[in-house]
Amino acid sequence: MSPDALEAALRAIGAERYHSLHPFHQLLHSGELTRGQVQAWALNRYYYQASIPTKDAMLMARLPSAAQRREWRRRIEDHDGDGDTPGGIERWLKLAEGVGLDRALVESAGGILPETRFAVDAYVHFVRDRTLLEAIASSLTELFAPAIIAERVSGMLKHYDFITRETLAYFTPRLTQAPQDSAWALAYVRSEAVTLEKQAAVLAALRFKCDVLWSQLDGLYYAYVAPGFVPPGAFVPDAA
Ligand SMILES: O=C(O)c1cc(C(=O)O)c2c(n1)C(=O)C(=O)c1cc(C(=O)O)[nH]c1-2
């Protein structure tokens, strides 16, 4: 397949499987969740956010050139900050506090769902254990992130009185970071996936990553929407 056909196949996976299509996101964005359900989302998603620099550090270690490592290093700085300017992890903690969660609880990852832990850990292990090409391809869900972020920010601001623009500040830099990150990863995949075997591996990596995102929302839906079975030890929202 040509690089253009490969890119079209990757984009078709997003159109079919990205987590924007999950019913939990549709409830979140259209204002149909309680504050407690929004808290459960913020608490669980922190574990994803906090694990991203770990997986990026493992990926970066395998890149062979200084220019490539510099490119990937920026992702780590985006999330960890540089010690002066806060990064994405700190901004997610602000989001969590903004929806009424205790910062120490969020940072401890106490009360997250088993589905969150299994899915996020599987992503980190995938990047550690698979080929560099598959690892880079698995980040390509970011191609689809700007559209869902725009929908999320406008939907949440419109529908929830406990959400402010400041609370959602996490997402503002993502609107420029995600396109920059995914453009580089896409160019890499287009030029490196030159055999049918490699192309199949790249497509499977993106499907896997869509599953990582989807199953986190399945966990949230089952525990906090319907049937509402919160696993032992997981966060229980205040009845309000
Ligand atoms: O808000 C979202 O829906 C969303 C999705 C994704 C994604 O598609 O993986 C990422 C992010 N946000 C995000 O903020 C982020 O930092 C990020 C890093 C990565 C990655 O795989 O390296 N995905 C995502």
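How many nonpolar, polar and charged residues does the shell around the ligand have? By class, there are five nonpolar, three polar and two charged residues, where Ala, Val, Leu, Ile, Met, Phe, Trp, Tyr, Cys and Pro count as nonpolar, Asp, Glu, Lys and Arg as charged, and the others, Gly among them, as polar. The model is a predicted one, so to speak of local features takes pLDDT of at least 70 and side-chain atom pairs count only at pLDDT 80 or more, while totals for chains, interfaces and linings use all residues. Residue numbers start from 1 along each chain as its sequence is written.

Around the ligand sit I52, G88, S139, T141, E142, A145, I148, I149, R174 and L213, each with its C-beta atom, placed from the backbone, within 6 Å of the molecule.

Helix α10 (residues 171-192) has 22 residues and reaches 31 Å from first C-alpha to last, close to the 32 Å expected at 1.5 Å a residue, that is, 1.5 Å times one less than the number of residues. Still, α10 bends by about 30 degrees at Q177, with a proline, P179, following within four residues; the bend is the angle between axes fitted to the seven residues ending there and the seven starting there. Buried in α10 are F171, A178, D181, A185, L186 and V189, buried meaning that 20 or more other C-beta atoms, placed from the backbone, lie within 10 Å of a residue's own.

Key. Helices (H or I, at least four residues) and strands (E, at least two) are DSSP runs, numbered from the N terminus. A residue is buried if 20 or more other C-beta atoms lie within 10 Å of its own, exposed if 12 or fewer, and partly exposed in between; C-beta atoms are placed from the backbone.
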